[in-house]
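Hi,

Here is the structure I promised to pass on.

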Amino acid sequence: MQHTSKLPTVGTTIFTVMSQLAAKEKAINLSQGFPNFPSDPKLIKMVQQALRENYNQYAPMPGATVLREAIAEKMEYLYQRNYNPHTEIVVTAGATQAIYTIISAFVRPNDEVIIFTPAYDCYAPAIEVNGGKVVPIQLQGKEFSVNWDEVRNNINDKTKLMIINTPHNPSGTVLSKTDMHTLSSILENTNIILLSDEVYEHIIFDGAKHESAAIYPKLAARAFITASFGKTFHNTGWKMGYCVAPKELMDEFKKVHQFNVFSVNHPMQIGIGNYLKNPAHYEELPVFFQQKRDYFLNAIKDSRFTWKPAQGTYFQVLSYDAITDELDTEFAKRLTREHKIASIPLSVFNTNKEDHKLLRFCFAKTEETLKQAAEILNRI
């Protein structure tokens, strides 16, 4: 049977490739972004209680009321932005489903979507499968800064959507207040929808404040904000996330969502909704993950790698240009095979696969794992 692929250039993701190689080689897996420590037992108990209370049938299409109300309270508490839990919040099967559904709801053939590279790898395929055109803007240098003049120059009548990601995966950088004000000015008087991927909103370091699109009125009025309970509460396998947006945008989102997944895991929604009522459960995360970042970087301070400490996320980018001139994809595979440590090469996320000799390592691991990883990296 012959057919023409809608995604002819898409293969297996780098996360699957490197995780499979890590498993084959019995290597320490610092490639794919998942913790190797358990979720809070309190959260597990709350989900178990929901199971016992028979929340085992379909949840309401937009999500369990207790969870949507808890999300609304969190958004108001953190960002002073009111989202109606009944019309402006939808619980999703992870942030990736939310992102795909947003793009599917709004992007038509030949619409242009601006993304910033290195970009998380789900953006471009979702745009392309819906007939859209990806307009990549490469972040600048090892600071991964945005050239806002280039952004302005790439906006035209075909620009339908712009995707930002802060804290940024894979670089670990964050957008500043100045960046967000500039973005707001650029998008003013356009019909461009903003998709703000904020799945690492609670994992931000050195006293910095997360600059959510919700904080900025002119951005919030045109923005979908996506978030991830998997990233926040150490349970990526649950595939639980959500998005918020003004009602007129969310109405269109729901039209696709109801025929995409309809609704998501009910008992987990009940458990997370109750757990989310205590702000300490997310307010303690910056300190928790900064300790891991600092432990990891201190442990490799005598290695030949160089770095700028991650500003957010649980990923640290390391430069190896003082070690070898190998392609990052080849060096990452060689580290996995010969040294038994797996990472993610950044070139796979860049415009034209630009190779800046950078690898991404996940530090959402136990100290024991990070110590073992550091011992390997110090020998390279």
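(Helices, H or I with at least four residues, and strands, E with at least two, are DSSP runs numbered from the N terminus.) Asparagine 110 is not a glycine, yet its phi is positive, about 75°. It counts as exposed at 59% relative accessibility. (Buried means under 20% relative accessible area, exposed over 50%, and partly exposed in between, with a 1.4 Å probe and protein chains only.)

Before you go further: this is a predicted model, where local features need pLDDT of at least 70 and side-chain atom pairs count only at pLDDT 80 or more, while totals for chains, interfaces and linings use all residues. Residues are numbered from 1 along each chain as its sequence is written, and side-chain values use heavy atoms, with hydrogens and water left out.

Asparagine 352 also has a positive phi without being a glycine, near 55°. Look for asparagine 352 in the loop between β11 and β12; at 70% relative accessibility, it counts as exposed.

Now to strand β5, residues 159–165. Of its 7 residues, 6 are buried, so the strand is largely enclosed by the rest of the structure. Strand β3 (residues 112–117) runs parallel to β5, and 3 bridges join them. (Two strands pair if DSSP finds at least two bridges between them.) In that pairing, isoleucine 114 stands opposite methionine 162. β5 also pairs with β6, again in the parallel sense, over 5 bridges, and here asparagine 165 is opposite aspartate 197. Between β5 and β6 the chain passes through helix α7 (residues 177–187), making a right-handed β-α-β crossover. (Right-handed means that, with the strands pointing away from the viewer, the path from the first strand over the helix to the second runs clockwise.)

The loop between β5 and α7 is worth a look too, as it holds proline 167 and proline 170. The peptide bond from threonine 166 to proline 167 is cis, with omega near -15°. Another cis bond joins asparagine 169 to proline 170, with omega about 20°.

Next, helix α10. Its 14 residues (247–260) should span 20 Å at 1.5 Å a residue, and the end C-alpha atoms are 19 Å apart, which agrees. (The expected span is 1.5 Å times one less than the number of residues.) There is a bend of about 25° at lysine 254, taken as the angle between axes fitted to the seven residues ending there and the seven starting there. Which residues of α10 are buried? They are Leu249, Met250, Phe253, Lys254 and His257. These pack against β2 (89–92), α4 (94–106), β6 (193–197), β7 (223–228) and β8 (241–244).

Phenylalanine 224 in strand β7 is buried, with a relative accessible area of 0%. Leaving aside residues up to four places away in sequence, phenylalanine 224 touches a set of residues including Leu249, Met250 and Phe253, as well as Ile102 and Phe106. (Contact means heavy atoms within 4.5 Å.)

On to the aromatics: the count comes to 20 aromatic pairs. Tyrosine 120 is partly exposed at 24% relative accessibility, whereas tyrosine 123 is buried at 3%. Tyrosine 314 and phenylalanine 315 have ring centres 5.2 Å apart and planes at 70°, so that pair is edge-to-face as well.

β9 is joined to β12 (residues 358–362) by 5 bridges, and serine 319 stands opposite leucine 358.

Cheers

Notes. Rings of Phe, Tyr and Trp (its six-membered ring) pair if their centres lie within 6.5 Å; planes under 30 degrees apart count as stacked, over 60 as edge-to-face and the rest as tilted.
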